[in-house]
2 protein chains.
Amino acid sequence: MNDADTSGLKTIGTDPYVGETPQTALGSWLTPNSLFYVRSQFDYPDIDENPWKLNAVSSAGDEISLSLDEIKQLPKHTVTVTLECAGNNRSDLNPPAPGNQFNNGAVSNAVWSGTSLKSILSKMNLGQDVVEILFEGADVGSPAADKDAEPYLRSLPLDLAMHEDTLLAYEMNGETLPLEHGYPIRLIIPGWYGMAHVKWVNKISSITTPFSGYFQGEKYVLKYDDGTERPVQEIQVKSAITSPREKESLKCCETYSVSGQAWAGRNQIKKVEVSVDGGKIWSAAQLIGPSENYAWQQWTYSWTPDSPGDHVLLSRATDTKGNEQPLESRWNELGYAVNGSKPVNVVVSN
Amino acid sequence: MNDADTSGLKTIGTDPYVGETPQTALGSWLTPNSLFYVRSQFDYPDIDENPWKLNAVSSAGDEISLSLDEIKQLPKHTVTVTLECAGNNRSDLNPPAPGNQFNNGAVSNAVWSGTSLKSILSKMNLGQDVVEILFEGADVGSPAADKDAEPYLRSLPLDLAMHEDTLLAYEMNGETLPLEHGYPIRLIIPGWYGMAHVKWVNKISSITTPFSGYFQGEKYVLKYDDGTERPVQEIQVKSAITSPREKESLKCCETYSVSGQAWAGRNQIKKVEVSVDGGKIWSAAQLIGPSENYAWQQWTYSWTPDSPGDHVLLSRATDTKGNEQPLESRWNELGYAVNGSKPVNVVVSN
């Protein structure tokens, strides 16, 4: 396995490496592997394909292990899935929240192929009282200053684990899954924030009580001002303007395509609206390009600025379940699910 | 623009370069740019982006020219489109037909982004009696031994040219269109055989009589034994087995996924059937993965061979308009649209 090449990304952190997709690539429906954002908790593990096995253990005592070749012989399933880091747009929060100060590039879209997780689970006697499937990555580290080293661990409810679109992926955009994205196997749960898509999966277990480890019970929790708390799970409805860019200079009375992407977890986008006056008047954008269950939706709005000066562009999305993107993100202690309308300021000259 | 890297392809011809997608990549829904089949008529042209302009000329005398940046400012549209060379599987024909002896790898699938051609055509007064739009590539050569050098030229009926999914593409799988695939601009007509997707487009014209140049009236014509002739246009319904491979050794009483792709031009795939006994009994395969208008459809069929020896696997597809893939390809003089069921021979051992 070659080393990771993340030279095209915008570096956000280096220990471990964290990088955003560059602005130029955010306007493309498909994100090339080399420009797909990277976020890990620990350093990349050393993977040697030959001794590598996926171990599956059930609470009933069943245990199987599968080589990568054996996994590839199971029926292959492909889904296009937009992944967003739970901390994307964290730097927009005021007051700031701790953690990687992501701008708007911790979101990307790829075609993932592998086997449905259920193809493996259905080979096993999972046990009577199973409530969740637990996933362990090969990456190990100390998750916080006062913690001992442990592998990256996350769980999923059994019904979601058995959904045919929940994948153990070994291909990304038709290529072998790159090391930085979880080679040889990454869990893909369409519509969930990035931290759930466990990389370098080497063990799965059926468990009879809900898992509450560090990366589930402590770190990825929405903690609001009013004291309510809930786990970070499904991606919240959101849209972003990718063209024009922040501070771009436009010319009066020429026609521009205000365009971008919108996404809503496991729901589809019903509409996107655009404002070119800072939020006073909203107009419907046109949805264009592919409409897939779990992938972002491109949209465009034709705008002919008719007066010179500063203009504030905004977009807001609504999904098919009626969830609306808020104008203002809801502040939370750890800075997750930041999905408010992000203004793009442009200057129009004569 | 960097030179073309076609080192991952299976070389079929070298003057100009012609290469097939390797077998290992045919089982992936998305074909990476570096593994997408390449077929050109002439050598790659020299493209210098800065003087480069797209010229659009109408029979009414209108003329406009657009830089690549100006084209990119038009609304962006994205479609996933499977391209198949009209000569794919030509080597299966008996007696042989002249031309590149393609096996089964002159077919690939990519996400194409650009501007709808109509965004440009609608800026012009095309003229009253326009019947077709003519496309000229920057590549120039002598198309046959007795012909003078000329650019690559093909036309489209006006209604198809005005369809919103007919693209002038400048991106392929989220990356800048590679030189060997037509940089800076390639015409994409979803569902048509590859020769229609003119590369390196630098001129478009509206014309008042149907075009009948060499690559339309002479070379890409289906000429059948019974004397009938028709132009090569929309891709015919077809399926192919990508796993197991020809001559693969399987073990008796283990379960295998017989899997592959199916495609049908501008129609969608309704069903795929599989035979594991050389065509006596047919069973429905399961359609899996993305179902997009113009992209191939993946399918899988679970098979547990119960007897050792030679087995002949076949697949056949039916599209939503009721068109059925034939068991035998219809022979034609120039070897196009070869879409018969291609057997895969495997050996099962105890």
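This briefing covers the fold, the chain contact and selected local features of a two-chain model.

The model is predicted: local features need pLDDT of at least 70, side-chain atom pairs count only at pLDDT 80 or more, and totals for chains, interfaces and linings use all residues. Residues are numbered from 1 along each chain as its sequence is written, while chains are lettered from A and ligands numbered from 1 in the order in which they are written. Chain A holds 4 helices and 24 strands. Helices (H or I, at least four residues) and strands (E, at least two) are DSSP runs, numbered from the N terminus. A rotation of 180° with 0.0 Å of shift along its axis superposes chain A on chain B, with an RMSD of 0.0 Å. The two copies are thus related as by a two-fold rotation axis. Such copies are superposed by least squares on the C-alpha atoms of residues with pLDDT of at least 70 in both.

**Contact between the chains**

- Chain A gives 28 residues to the contact and chain B gives 29 residues. Two residues are in contact if their C-beta atoms, placed from the backbone, lie within 7 Å.
- On the side of chain A that touches chain B, the elements giving two or more residues are β6 (76-84), β7 (107-116), β18 (256-263) and β22 (297-303) of chain A. The largest share, 4 residues, comes from β6(A).
- That side of chain A divides into 9 nonpolar, 15 polar and 4 charged residues. Here Ala, Val, Leu, Ile, Met, Phe, Trp, Tyr, Cys and Pro count as nonpolar, Asp, Glu, Lys and Arg as charged, and the others, Gly among them, as polar.
- The copies meet through the same surface, because 100% of the interface residues of chain A are also interface residues in chain B.

**Overall shape and core**

- The C-alpha trace of chain A spans about 70 × 45 × 40 Å along its principal axes.
- In chain A, 49% of the 350 residues count as buried. A residue is buried if 20 or more other C-beta atoms lie within 10 Å of its own, exposed if 12 or fewer, and partly exposed in between, with C-beta atoms placed from the backbone.
- The largest nonpolar core has 164 residues, and those with the most contacts inside it are Trp112(A), Trp112(B) and Ala169(B). A nonpolar core is a set of buried Ala, Val, Leu, Ile, Met, Phe, Trp, Tyr and Cys residues joined through C-beta atoms within 7 Å.
- Leaving aside neighbours within four places in sequence, Trp112(A) contacts residues including Val79(A), Val81(A), Leu167(A) and Ile188(A).

**Sheets and strand pairs**

- In chain A, 5 strands form an open sheet in the order β17-β24-β23-β19-β20, with mixed pairing. Its edge strands are β17 (249-251) and β20 (283-284) of chain A, each pairing on one side only. Two strands pair if DSSP finds at least two bridges between them.
- Strand β19 (residues 269-275) of chain A runs antiparallel to β20(A) over 2 bridges. Val274(A) has Ser283(A) as its bridge partner in β20(A).
- In chain B, an open sheet of 5 strands has the order β17-β24-β23-β19-β20, again with mixed pairing. Strands β23 (residues 309-319) and β24 (residues 344-349) of chain B pair in the antiparallel sense over 5 bridges.
- Strand β16 (residues 238-243) of chain B has 5 of its 6 residues buried, so it is largely enclosed by the rest of the structure. β16(B) pairs with strand β18 (residues 256-263) of chain B in the antiparallel sense over 5 bridges. Ile241(B) stands opposite Gly260(B) in β18(B).
- Strands β1(B) and β2(B) form a hairpin with 2 residues between them.

**Backbone details in loops**

- Most residues other than glycine have a negative phi, and most peptide bonds are trans.
- Asn89(A) has a positive phi near 65°. Asn89(A) sits in the loop between β6 and β7 of chain A and is buried, with 25 other C-beta atoms within 10 Å.
- Asn89(B) also has a positive phi, about 70°.
- The peptide bond from Tyr183(B) to Pro184(B) is cis, with omega near 5°. Pro184(B) lies in the loop between β11 (175-176) and β12 (186-188) of chain B.
- The peptide bond from Ser243(B) to Pro244(B) is cis, with omega near 0°. Pro244(B) is in the loop between β16 and β17 of chain B.
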